[in-house]
Amino acid sequence: MLTQSTRRMSTLPNAMATPQVETTHPTLNYPLGEQLPASGSATEVAPGIFWLRVGLPFALNHINLWLLRDCMPHPSQAGVQQEGWTVVDCGIDNPVTREAWQQVEQQMLQGLPILRVLVTHMHPDHMGLAHWLCERWQAPLWMSTSEYQSALLACSRLSNFGGSSTVAFFEAHGWRKAEDLAVIQARMGYYPSMVPKIPSAYVRLMAGAHVHIGDRLWTCLGGYGHSPEHMALHDAENQLLISGDMLLPSISTNISVYAMEPDGNPLKWFLDSLERMVDLPDDTLVLPSHGRPFRGAATRIAQLQSHHADRLSELLQACTAQACNAYELLPVLFKRPLDVHQTTFALGEAVAHLNLLWLSGRMQRTRDADGVYRFTTSPPV
């Protein structure tokens, strides 16, 4: 699934993945080939950095997690350094993921403790098991403030995944099927079903901050649009990037507008974030959250920029002859039938593209007598 993909062949399994993107020439380089670590085991991708692959109960059927050798001051012995591990991202909280981590503990940790749990962002497949790992190892959680607070809201059912505010948002963009909206109304438990608890404290990560993990120095790269304040980790000396969901090799990251910020411009924020990564050396080894480790960051960024430019162009063309709402435009962006779950993410993505065009002045937005937003190309000046 996560090799060379077909143009706009969308699976939309969850909040993390949306339309697949054609891989164009020059192609990316996969230094490990088709090699994948088995669940509960790990593959060393660089000295002291191990790749874990844990299953997900979605069409996007896995997440990559990272285990890094570390050394930190002992919490109770002054002047003593403690050997152990830093975990980057966790998987969702379910029995399969817990079992995989227990296997990793037995087979990979070499009797050493997990010293901290670092989470790139708050989405369930990254955040879900953080509470369990932190409690099991008495390890602190490290993540950005916006992601931590967003996780707290979502875990408390004050989220963008269901309920009356989400229903009203979708209705305002043309989704008016009562049976579908009843499903959305009942989805308040979607996030806490996979992230049942949030650690009560955290250590803040900020863009530009440095994090020492073992003998490596990582710089936090802030990313916006996919989630509130995503943090990737860049080791410039050794040309490594733990990219989270900001840079994936063969699917495009979901970029959605949500009910809490209905006039947001996340696609612009995402593209701006990618632009800040475009000067990464071409031989940087990118360690993504989905798919295989790859080299060719600038190539991949160019592919993603082209992909979104094509989608924007298609929307401009579709909205030239008539004013359209986002729900009517889903077939323009997605070329296969979508179920209700998939449509929630597809519609958020459609609004993200339309909002960029509207906020940049390339489209006009009006609200009709039924309270539905409609978009049309701006008339010539």
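This is a predicted model: local features need pLDDT of at least 70, side-chain atom pairs count only at pLDDT 80 or more; totals for chains, interfaces and linings use all residues.
1. H7 covers residues 266-275 and H8 covers residues 297-318. Their axes lie 10 Å apart, and the packing angle is about 155°. Angles over 145 degrees count as roughly antiparallel, so H7 and H8 are roughly antiparallel to each other. The crossing of H7 past H8 is left-handed.

2. Which residues of H7 meet H8? On the H7 side they are Leu 267, Phe 270, Leu 271, Leu 274 and Glu 275. On the H8 side they are Ile 301, Leu 304, Gln 305, His 308 and Leu 312. Look at the numbering with one rule in mind. An α-helix has 3.6 residues a turn, so residues three or four places apart point the same way.

3. Now take H5 (residues 164-172) and H6 (residues 178-185). These helices pack at about 145°, with axes 8 Å apart. Their crossing is right-handed. H5 contributes Ser 164, Thr 166, Val 167, Phe 170 and Glu 171 to the contact, while H6 contributes Leu 181, Ile 184 and Gln 185.

4. Helix H10 runs over residues 340-359. How far apart should its ends be? At 1.5 Å a residue, its 20 residues should span 28 Å.

5. Is H10 enclosed or open? Of its 20 residues, 16 are buried, so the rest of the structure largely encloses this helix. Buried here means under 20% relative accessible area.

6. Check both ends of H10. At its start, a side-chain oxygen of Asp 339 comes to within 3.2 Å of the backbone nitrogen of His 341. After the helix comes Gly 361, with a positive phi near 85°.

7. His 226 deserves a look. It sits in the loop between strands E10 (216-223) and E11 (230-235). Is His 226 buried or exposed? Its relative accessible area is 1%, so His 226 is buried. Its side chain makes polar contacts with two other histidine side chains: His 121 at 3.4 Å and His 123 at 3.1 Å.

8. Finish with Cys 134, in helix H3 (residues 130-137). This cysteine is buried too, because its relative accessible area is 8%. What does Cys 134 touch, leaving aside neighbours within four places in sequence? Its contacts are Val 117, Ala 139, Pro 140, Leu 141 and Pro 199. Gln 35 is 99 residues from Cys 134 in sequence, and their C-alpha atoms are 30 Å apart in space.

Definitions and conventions
Residues are numbered from 1 along each chain as its sequence is written. Side-chain values use heavy atoms; hydrogens and water are left out. Helices (H or I, at least four residues) and strands (E, at least two) are DSSP runs, numbered from the N terminus. The expected span of a helix is 1.5 Å times one less than its number of residues. Buried means under 20% relative accessible area, exposed over 50%, partly exposed in between (1.4 Å probe, protein chains only). A polar contact is a pair of N or O atoms within 3.5 Å; within protein, one must be able to donate a hydrogen and the other to accept it, and residues adjacent in sequence count only if both atoms are side-chain atoms. Axes are lines fitted to C-alpha atoms, for helices over the stretch in contact, and angles run from 0 to 180 degrees between N-to-C directions. Angles under 35 degrees count as roughly parallel, over 145 as roughly antiparallel, 65 to 115 as roughly perpendicular and the rest as oblique. A crossing is left-handed if the near helix is turned anticlockwise from the far one by less than a right angle, and right-handed if clockwise. Contact means heavy atoms within 4.5 Å.
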